[in-house]
Amino acid sequence: MAGSTIKTVYDIFQSMDYGPTSSSTATAQAWLEHQSGALGLFIDGRFVLPAGRQTCSVTDSSGGSVCTTVCATDEDVSLSVSSGASGFKAWSALPCHVRAKTLLRLVSGLQRYGQCLSELCDLAQSPSSFSALVRLLQYYSGWAQLRDTLLPDWTPRGLVAVVVSDDCSLYSLMLKALPALAMGNTVVVIPGVETAIPALLLAQLFVEAGLPAGVLNVVTGNVLSLASTVAQNPLTSYVTYSGNKNDGEKLCRATAGMGVPVSLSISLGATCPFIIFESADIDSAVDGVIETAFKKKRECQWLLCVQESVLDIVVARLKSRMAGMKSVPLQKEGDRRLVDAAVEEAQQQGATLIQPCAPSPSGASYPPTVLCGMAPSCPCVVTPPPGPLLPLLSFRSQTEGVTLGNHSPHGYAASLWTEDLTLALEAAKGLSVGSVWVNSHSVLDPSLPLSGHKESSNCTDGGKEGLFQFLRPSSSSPSLPRSSPTSLDYSRFGTATSAAIIPQGPDSSSCPRSYLQYVGGKQCKSESGSSVSVLAPDGAVLAYCPDAGRKDVRNAVEAAIKVQPGWMKRSPTDRAQSLFTLAKALEMKRRDLAASLHSQTGLSLEEVDKEVELSIAQLYDWAARCDKETGGILPVPQSGSALSIPEALGVVGVVLPDSSPLLSMVSLLVAAVAMGNAVVMVPSPKNPLPALEFIQVLQSSDIPAGVVNILTGGRDQLTQALANHSVIKAIWYWGSVEGCQYLQHTCASPLKNLWLHCLEEKDGGRVWSQPPPSLLEERWRRAVQWKSVWIPTA
């Protein structure tokens with residue numbers, strides 16, 4: 001037809017222009033107009049618009065105002081928390097099937113408002129998938145139905161604060177809010193600017209679906225300030241955060257000492273490797289690079305790693321595919337300056353560029369850019385700047401490729417490309433990341449555990465594994481008492497000199513015995529050459545034990561990190577056999593351990609015999625668990641298979657309680673070691689002798705030297721050294737309120753998994769002698785981190 005403007009397929013592929021899209025936002029605008037363009041807070045099942053509050057303007061991609069949201073005050077936060085606490089009584093008391101039906105009814109509400117929700121997300125620059133949200137609801141409504149059947153010994157925490165930073169997606173918010181609701185908790189959502197509008201719409205839909213008033217509240221404003229205020233309220237039981245690392249660190253430090261656990265999921269700004277092996281389908285791999293690395297909105301940065309034998313082919317394909325691509329809009333005003341500086345620095349270090357066009361002299365956009373020939377130490381490789389920049393590194397062998405993939409301090413996810421399934425599984429096992437996508441990228445499903453490693457997370461989201469952060473064992477009370485932060489000088493914590501320090505000397509028949517600590521399979525003195533006295537119940541000096549310090553912790557961690565990878569790689573059956581030998585060695589030394597317990601604690605012979613017997617039983621029990629506690633293949637709606645794999649954390653620091661000194665040590669030691677971890681254990685300063693006697697048991701077993709290390713001395717001094725060691729991945733702590741506060745403040749960077757208990761915890765003896773099944777499961781889950789591996793078949 002003459003004058004026709006219809007393009008052929010050939011014309012479209014030649015120009016690579018974007019096709020027409022539906023830009024109508026009429027449905028969203030109608031909903032916003034119904035709210036008068038000013039969205040209030042959602043408290044106690046309804047919108048409230050308090051007078052005299054500051055407002056925040058939400059803008060679209062062009063900078064135009066979409067609507068305003070209220071900046072909540074402390075008074076508003078108090079109302080939302082009180083509403084949530086009242087709603088918890090009604091919501092948690094409902095039968096499981098009633099909670100499940102409420103969540104399922106929301107699916108039909110989403111279908112009615114799906115167009116409106118999608119348009120609101122587009123307006124607020126918070127892209128989200130409608131089908132992904134529906135899948136989340138369907139999955140967690142099933143867990144709401146099955147909680148009492150499959151998790152009978154667990155109870156909801158209470159009021160949970162779900163905090164997400166700016167630039168975080170609605171999916172990330174709901175991945176935390178929905179499982180919390182499904183388990184019977186109530187939730188106060190503190191969304192970032194971009195997720196505030198869709199979060200408020202979802203809150204309205206929840207109430208229309210039958211959610212009782214107060215079960216879900218949404219307060220908007222300054223995220224960190226509001227989160228700190230919510231955490232400070234004694235009615236709050238748990239705080240979980242998703243977003244960038246800087247805000248996560250600030251949140252941990254602001255809430256330290258309040259007695260509320262805080263978990264972090266750091267995806268924004270994480271660097272993820274995109275690894276192309278020589279056995280990959282190069283065309284598909286390059287298509288994957290283009291799809292994921294240069295998206296307008298992405299939560300993580302990508303690092304392209306290509307095997308040298310196919311490097312030239314990959315570079316040629318990238319040049320071909322990138323030709324004709326348009327510049328990508330930058331998210332923030334200052335991003336252009338950061339991008340220009342990064343590119344200039346990379347070129348100064350010898351990098352060459354692949355760009356479809358030259359960047360404009362100024363502006364809020366930048367062309368997709370591949371930085372070729374980068375060194376792993378280059379700043380833009382370690383911490384890539386925002387914008388469409390993709391550093392490219394090359395590697396020679398498959399082992400070097402995995403090492404390069406582990407170069408980043410983050411451990412969020414990785415994408416592997418190879419047609420060799422054996423190589424894919426070996427590489428996936430070697431990468432220190434929470435999610436591995438084989439021949440794919442960015443695949444998310446709520447059935448898969450999402451557990452970032454290293455600096456990316458200290459909790460697990462998604463899957464059955466992600467439910468436990470919102471539950472606690474029914475038989476135990478919260479391990480941290482609610483309190484106000486103490487006035488603590490963090491720079492001086494643990495620096496006080498231990499009392500009663502005396503020089504270490506040779507044993508003498510006229511002097512109490514001098515014990516040695518245990519590092520790297522050998523008994524040794526402390527680096528300071530000093531000891532502290534150990535007192536009997538009557539106050540007499542019973543013995544002397546080493547006064548360990550920072551250098552001793554360093555030596556113990558070095559010994560542990562050398563042996564831990566090999567211990568973790570052993571088969572569960574091999575680890576079980578080593579634990580069986582440890583149990584048999586303890587049986588042979590039971591009289592010595594019983595005598596040590598009797599002299600140290602003053603307990604009767606019958607009581608100490610029972611503690612030794614329970615310790616032996618714990619070793620046999622965990623030896624049997626070694627090859628029983630495994631992951632598996634998960635059913636997912638997409639075509640393919642997904643593996644869920646529990647992995648060891650690495651090196652775990654354990655600061656032991658005063659009660660049941662032998663049984664508590666054995667219970668925690670074996671839980672960590674059975675899963676492939678190495679441990680640095682700090683016995684109670686009050687009752688250290690049973691742990692030091694246990695060294696003889698360790699030396700008589702098949703446990704490799706360095707897997708277990710035992711240091712004695714001041715609790716605060718050694719806690720401070722453990723907290724500041726970058727290799728320690730987790731700390732299990734029984735100690736003072738001040739020690740718990742110090743760990744919460746300090747272990748935000750480098751990020752560590754914390755399991756904190758105050759010594760004042762009631763019924764401590766029963767926890768060790770009669771642990772319920774849920775508490776044993778909690779110890780196992782504290783000893784592992786999860787990895788999901790996605791393998792598509794079509």
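Biologist: Where is the place of Arg321?

Modeller: Arg321 sits in helix 11, residues 311–322. Keep in mind that this is a predicted model.

Biologist: Why is Arg321 called partly exposed?

Modeller: Its relative accessible area is 31%. Buried needs under 20% and exposed needs over 50%, so Arg321 with its 31% counts as partly exposed.

Biologist: Which residues is Cys740 in contact with, leaving aside neighbours within four places in sequence?

Modeller: Those are Leu480, Tyr733, Leu756, His757 and Cys758. Tyr238 is 502 residues from Cys740 in sequence, with 15 Å from C-alpha to C-alpha.

Biologist: Helix 23 again: what do the buried residues of helix 22 pack against?

Modeller: Helix 23 (737–746) is one of the partners, along with helix 16 (550–569), strand 32 (651–655), strand 33 (678–682) and strand 35 (728–735). On the helix 22 side, residues 715–723, the buried residues are Arg715, Leu718, Thr719, Ala721, Leu722 and Ala723.

Biologist: Which residues of helix 3 and helix 8 meet?

Modeller: Asp74, Val77 and Val81 come from helix 3, and they meet Leu226, Thr229 and Val230 from helix 8. By class, this contact has four nonpolar, one polar and one charged residues.

Biologist: How do you know whether helix 2 and helix 4 are roughly parallel or roughly perpendicular?

Modeller: Helix 2 (residues 26–34) and helix 4 (residues 96–123) have axes that come within 7 Å and cross at roughly 90 degrees. That angle falls in the 65 to 115 range, so helix 2 and helix 4 are roughly perpendicular to each other. Helix 2 brings Ala26, Thr27, Ala28, Gln29, Trp31 and Leu32, which meet Gln115, Cys116, Glu119, Leu120 and Leu123 in helix 4. Seven nonpolar, three polar and one charged residues make up the contact of helix 2 with helix 4.

Biologist: Now the rings. How many aromatic pairs does a search of the whole structure find?

Modeller: It finds 16. For Tyr139 and Tyr140, the ring centres are 5.0 Å apart and the planes are at 85 degrees, so the pair is edge-to-face; the cut-off for that is over 60. Tyr139 and Tyr140 are both buried.

Biologist: What makes Phe493 and Tyr742 a stacked pair?

Modeller: Their planes are at 20 degrees, with centres 4.4 Å apart. Stacked means under 30 degrees, with centres within 6.5 Å, so Phe493 and Tyr742 count as stacked. Phe493 lies in the loop between strand 23 (471–473) and strand 24 (501–503), while Tyr742 is in helix 23, so the pair ties together parts 249 residues apart in sequence. Both Phe493 and Tyr742 are buried.

Biologist: Which residues do ring pairs link into a cluster?

Modeller: Phe274, Trp302, Trp417 and Trp437.

How values were computed. Residues are numbered from 1 along each chain as its sequence is written. This is a predicted model: local features need pLDDT of at least 70, side-chain atom pairs count only at pLDDT 80 or more; totals for chains, interfaces and linings use all residues. Side-chain values use heavy atoms; hydrogens and water are left out. Buried means under 20% relative accessible area, exposed over 50%, partly exposed in between (1.4 Å probe, protein chains only). Helices (H or I, at least four residues) and strands (E, at least two) are DSSP runs, numbered from the N terminus. Contact means heavy atoms within 4.5 Å. Ala, Val, Leu, Ile, Met, Phe, Trp, Tyr, Cys and Pro count as nonpolar, Asp, Glu, Lys and Arg as charged, and the others, Gly among them, as polar. Rings of Phe, Tyr and Trp (its six-membered ring) pair if their centres lie within 6.5 Å; planes under 30 degrees apart count as stacked, over 60 as edge-to-face and the rest as tilted. Axes are lines fitted to C-alpha atoms, for helices over the stretch in contact, and angles run from 0 to 180 degrees between N-to-C directions. Angles under 35 degrees count as roughly parallel, over 145 as roughly antiparallel, 65 to 115 as roughly perpendicular and the rest as oblique.
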